[in-house]
Amino acid sequence: GDPLPQISARTYNLATEGGTFGQNLKVFRPGDLITAERRAFIPGVVMTPSSTEGFRTNLGILNPSTTAGAQVLVTLWAEDGSGSLAEATIYVSPYRLWQADLANRLGLADVEAHGTLELQLLSGEGVVAYESVVDNQTQDPILVPAILELKRD
């Protein structure tokens, strides 16, 4: 229903045997912002201790504000519902993209973990977030954007 064109992009790597592999990049709109009033969730987190087998998950947080920094509380919930595996507060400078390997940032580099991320804005005007789950053997990525909590009236 939006009359404006929606922009899309793809990032890719050249494969040694020929061809490319990569992922679509989602363009975020103002309605996608994680704000103090709306948490977001990202399912499908996978972390494997091996750097050549299994998967790793990178977390990206974009702060579109040109003036205000943002603090985001990131909590990793266990896939089996047993509780929180780890949490960290991440600061993102104004008009910057922050991205890091989630296992290293949460202190879980030597752990196999599967779960869902919860993101809560502690300060700032709003952020958008995504995860990139990467196959450690092929380096093939899968982009998973954050899903906003439903508004409650």
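# Close-up views of a predicted model

**View 1. The largest pocket has a volume of about 190 Å³.** This is a predicted model, in which local features need pLDDT of at least 70 and side-chain atom pairs count only at pLDDT 80 or more, while totals for chains, interfaces and linings use all residues. Residues are numbered from 1 along each chain as its sequence is written, and side-chain values use heavy atoms, with hydrogens and water left out. Look for Leu-25, Lys-26, Phe-28, Leu-62, Leu-97, Tyr-130 and Leu-143, which line the pocket. Six of these lining residues are nonpolar, none is polar and one is charged. (A pocket, on a 1 Å grid over the protein atoms alone, is an open set of points where a 1.4 Å probe fits, with protein on both sides within 12 Å along at least five of seven lines; lining residues have an atom within 4 Å of a point. The volume is the space filled by probe spheres set on the points.)

View 2. A salt bridge is a side-chain nitrogen of Lys or Arg within 4 Å of a carboxyl oxygen of Asp or Glu, and a search of the whole structure finds two. In one, the closest N and O atoms of Arg-39 and Glu-118 are 2.9 Å apart. Glu-149 lies in the segment after β11 (147-148), so its bridge to Arg-39 ties together parts that are 110 residues apart in sequence. (Strands, E, at least two residues, and helices, H or I, at least four, are DSSP runs numbered from the N terminus.)

(Buried means under 20%, exposed over 50%, and partly exposed in between, with a 1.4 Å probe and protein chains only.)

**View 3. The largest nonpolar core has 28 residues.** Leu-59, Ile-61, Val-74, Leu-117 and Leu-119 have the most contacts inside this core. Two or more residues come from each of β3, β4, β5 (70-78), β6 (84-92), α1 (102-106) and β8. (A nonpolar core is a set of buried Ala, Val, Leu, Ile, Met, Phe, Trp, Tyr and Cys residues joined through side-chain atoms within 4.5 Å.) Beyond residues up to four places away in sequence, Leu-59 touches several others, including Ile-42, Ile-90, Trp-98 and Tyr-130. (Contact means heavy atoms within 4.5 Å.)

**View 4. Gly-60 sits in strand β4 (residues 55-63).** With a relative accessible area of 0%, Gly-60 is buried. Setting aside residues up to four places away in sequence, its contacts are Leu-97, Trp-98, Gln-99, Val-128, Ala-129 and Tyr-130.

**View 5. Tyr-95 has a positive phi of about 55 degrees, although it is not a glycine.** Most residues other than glycine have a negative phi. You can find Tyr-95 in the loop between β6 and β7 (96-101), where this residue is exposed at 60%. Gln-139 also has a positive phi, of about 70 degrees, without being a glycine. Gln-139 belongs to the loop between β9 (128-135) and β10 (141-145) and is partly exposed at 30%.

Terms used. Nonpolar A, V, L, I, M, F, W, Y, C, P; charged D, E, K, R; others polar.
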